[in-house]
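Hi,

Here is the structure I promised to hand over. Please have a look at it first, and then read on for what turned up.

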Amino acid sequence: MLVLRMTSLVKWILIFFGLISVIANIVIVCLYSGRLPKCSSKPHHVFKGKHNERSAVFADLSAEEYLQVRDYMSNQKDLDISVNALTKPSGNFLFLIDVLLPRKADALGYLDNNKPKPVREATAVVFYGTLGHIKEYVVGPLPNPIYHRDVTVERYKEELPINARTVTIGEYALISKFINEEVFTKLGKIAKESFDVSKEKTLNYFEGMPRGVKSGERQTWISFFRDLSGMYIHPVGLEVLINHESTNASLWSVKRLLYNGQYFDSVEDLLKQYDDGKVTKIVYKPVQNYASLKLKSKPTGLSPQQFYAQGKRFSVKNNHVMYLEWSFAFGLSSLTGMRVFDVRFKGERIAYEVSVQEAMSVYGSITPGMILTKFLDSSIGIGRFAHELVRGVDCPYAATYIDTFRYIDVSAPQRFRNSICLFEHNTGRPLRRHFSDFFSNSYGGMVNSALVFRTITAIGNYDYLWDFIFYQSGSVEAKVHATGYISSSFNVDGNLKYGHQVAENTIGNIHTHFINFKVDLDVLGVENVFQTKDMKFMNVSLPWMPERYAMVPQLVEAQLKTEKEAALRYDTKTPRYLHIASNRTNRWGHQRSYRLQVVSFTGDSLPETEPEEKSMSWARYKVAITKHKDSEQTSSSLYSQNNMWTPAVDFSKYIEDDESIENQDLVAWVTTGFLHIPHAEDIPNTVTVGNGGGVILRPHNYFDKDPSIHSPDGVYISPGSEGNCENNKMACLAEDACSPVVEPFTYNGFEGTIKFEE
């Protein structure tokens, strides 16, 4: 018995001391953690050179400059312009103010040769409802403008008809009023029984585009959806065609209706046939909101985060960025979105401009709201919808965030806080590495740490993530990913030919995504050539056995001479290596060049027999090379969406003159994208994985060897030196540990949302 008691006592003593040990260790760890130094906010990295103040020639307009242009234009009494965002279509409305980029020769003269600074000017777009046309003006100089000049015909070779205009907030307000009065008020019983519409409860709507089938028309099929978050995947089975061609809203009319797959000539026709029992009725029933993005699981912890242990290795000043060997200027156009200029690596200009140009989608459906739909997003405004980025989700928490200002379809310039982010990113895979196992033993490698310049634009249902990525190997990647909600239509007979059912009565409609980038490479100057390289198998006699043959891959090279030769279509086989090259050579005698590597999964482009195709003719080409012209600034225009049949900009005309591209200033127009066949996993949102495309600009014989070999991020390990920090910073990571400085979370993203009232 005594032995048992002693054994029990020893057991409890051991348990007691064990608990004391655990508690002591926890206390020690906590105390030690608390002593970790804060990570430095000041960079240890020493920057090469200084920020280029001359990059301001590419800067977006400031809030003050927007106001100066607005006030100057509104004070010109002969122009009779309103700046009220709710101006009716019958009025004259100042729709857009944007920076006018300088002529390239003037900008390069200023940047490189100390020539005079280009005059800073703006473009102002006015919708003249009273006169039935659209005008574009150059306004300058900035600051403090004193002149304006009509450049409409100079730019587009013709006047712009008023029905080519974007639908404004003022017009949307009238459309909503018209729909309520001319459709739902009259539908009465049907609206209640089929859609539960009342004075307190309405439906949301989404438009098909283009608005008609020929120039001059402005007839829009409007599809209706439940008033729920994520409305785009809650179609109710009602679509209405309205004619709003006139700038006088009192002359608008309802042309046709579609109810549950059946067409009607008027609201009265639908009411009569409904009452006569000749219609298959839609019976309203509540549904769970499967489109909601509210959390389905309670958050249990944080995902992995990244921070800067020794400060940031990039710097932003005004619109100029420096990162290791890279520097560039940036901007965000209201119409076309993100763009960078004067991109330099090791002090040499690689590109004058890399920019987004257009985002286009063509839909398939049996229902009228989508059967003809072809979206051209720059006509709505790609950059216009770049709202605040959510820290820690849209970009890493510790990223640098930048505000932007815009003036489009508003009464005053809008500030969009934190709408661009910039961060250095460890991709999680090495940029290069080799483990030597034969003859000698060593390891050499380098982390793939790159600078990401990002914005995200939420254009209606879709959200596009735009990235420009700068790698230490001298490569630049322009990249897009799509997420957000798919567009959908009500499930009626025959619609399964155009997509999959993804929810009750809901078809996710097949569609294409085409994205166009402008890549103005200047490889060691502006006199460049366009070359292609590929492979072919040749039947070769073996030198030591002449009677024996083998199929051996061989290099095939060509230099294309004219714009038509260099218009490489998607419906033909194109060489796999495409180069903008200089006539200067590297150490090994090869022409120094940059390669265009297109990453794409596009669907088929719209057949050229279709009258709307001219507005998106750039989508024919995987890559098209043209001689630089200041008059060929963009591949699309603000007016393409609503006048597809006679577009203000038809990209194919850039190629028709078939100019020489040998030893010229060359521009590459690159098209990428993907085909989207919606499926159940697109509910509630499409994910970014696999849904994107882009172009990588890669040095090809531009250097004598890989420039990343000089990066401070390299690691080298030889036997016996595994713990040596001199050639392997990772070996001393524990000694450099620090606790990150975390800024408080804020979000003001709802400040810039569209409002249809004062």
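A word on naming before anything else: helices (H or I, at least four residues) and strands (E, at least two) are DSSP runs, numbered from the N terminus. By that scheme, helix α5 is followed by glycine 188, whose phi is positive, near 50 degrees. Please keep in mind that this is a predicted model, in which local features need pLDDT of at least 70 and side-chain atom pairs count only at pLDDT 80 or more, while totals for chains, interfaces and linings use all residues. Residues are numbered from 1 along each chain as its sequence is written, and side-chain values use heavy atoms, with hydrogens and water left out.

Let me stay with α5 for a moment. This helix has 19 residues and reaches 26 Å from its first C-alpha to its last, close to the 27 Å expected at 1.5 Å a residue (the expected span is 1.5 Å times one less than the number of residues). A kink of about 30 degrees is centred on asparagine 180; the bend at a residue is the angle between axes fitted to the seven residues ending there and the seven starting there. The buried residues of α5 include Ile169, Tyr172, Phe178 and Phe184, where buried means under 20% relative accessible area, exposed over 50% and partly exposed in between, with a 1.4 Å probe and protein chains only. Among the elements that cover them are α6 (189-195), β7 and α7 (267-275), with contact meaning heavy atoms within 4.5 Å.

Next, the aromatic rings. Rings of Phe, Tyr and Trp (its six-membered ring) pair if their centres lie within 6.5 Å; planes under 30 degrees apart count as stacked, over 60 as edge-to-face and the rest as tilted. By this rule there are 31 aromatic pairs. Phenylalanine 184 and phenylalanine 224 have ring centres 5.1 Å apart and planes at 90 degrees, so they are edge-to-face. Since phenylalanine 184 lies in α5 (residues 169-187) and phenylalanine 224 in strand β7 (residues 219-226), the pair ties together parts that are 40 residues apart in sequence. Both phenylalanine 184 and phenylalanine 224 are buried.

Tyrosine 594 and tyrosine 702 are also an edge-to-face pair, at 5.2 Å centre to centre and 70 degrees between the planes. Tyrosine 594 sits in strand β30 (residues 591-599) and tyrosine 702 in the loop between β33 (692-700) and β34 (714-717), 108 residues apart. The relative accessible area is 0% for tyrosine 594 and 1% for tyrosine 702. The two tyrosines belong to one aromatic cluster, whose members include Trp326, Phe453 and Phe703.

What about charges? A salt bridge is a side-chain nitrogen of Lys or Arg within 4 Å of a carboxyl oxygen of Asp or Glu, and the structure holds 51 of them. In one of these, aspartate 112 meets arginine 349, with the closest N and O atoms 2.9 Å apart. Aspartate 112 is in helix α3 (residues 104-113) and arginine 349 in strand β15 (residues 348-362), so this bridge ties together parts that are 237 residues apart in sequence. Aspartate 112 is partly exposed at 37% relative accessibility, whereas arginine 349 is buried at 14%.

Arginine 391 has two partners to look at. Its side chain forms a salt bridge with glutamate 743 (3.7 Å, N to O), and arginine 391 also lies over the face of tyrosine 397, at 5.3 Å from the ring centre. For that, NZ of Lys or CZ of Arg must be within 6 Å of the ring centre and within 35 degrees of the ring normal.

Best wishes
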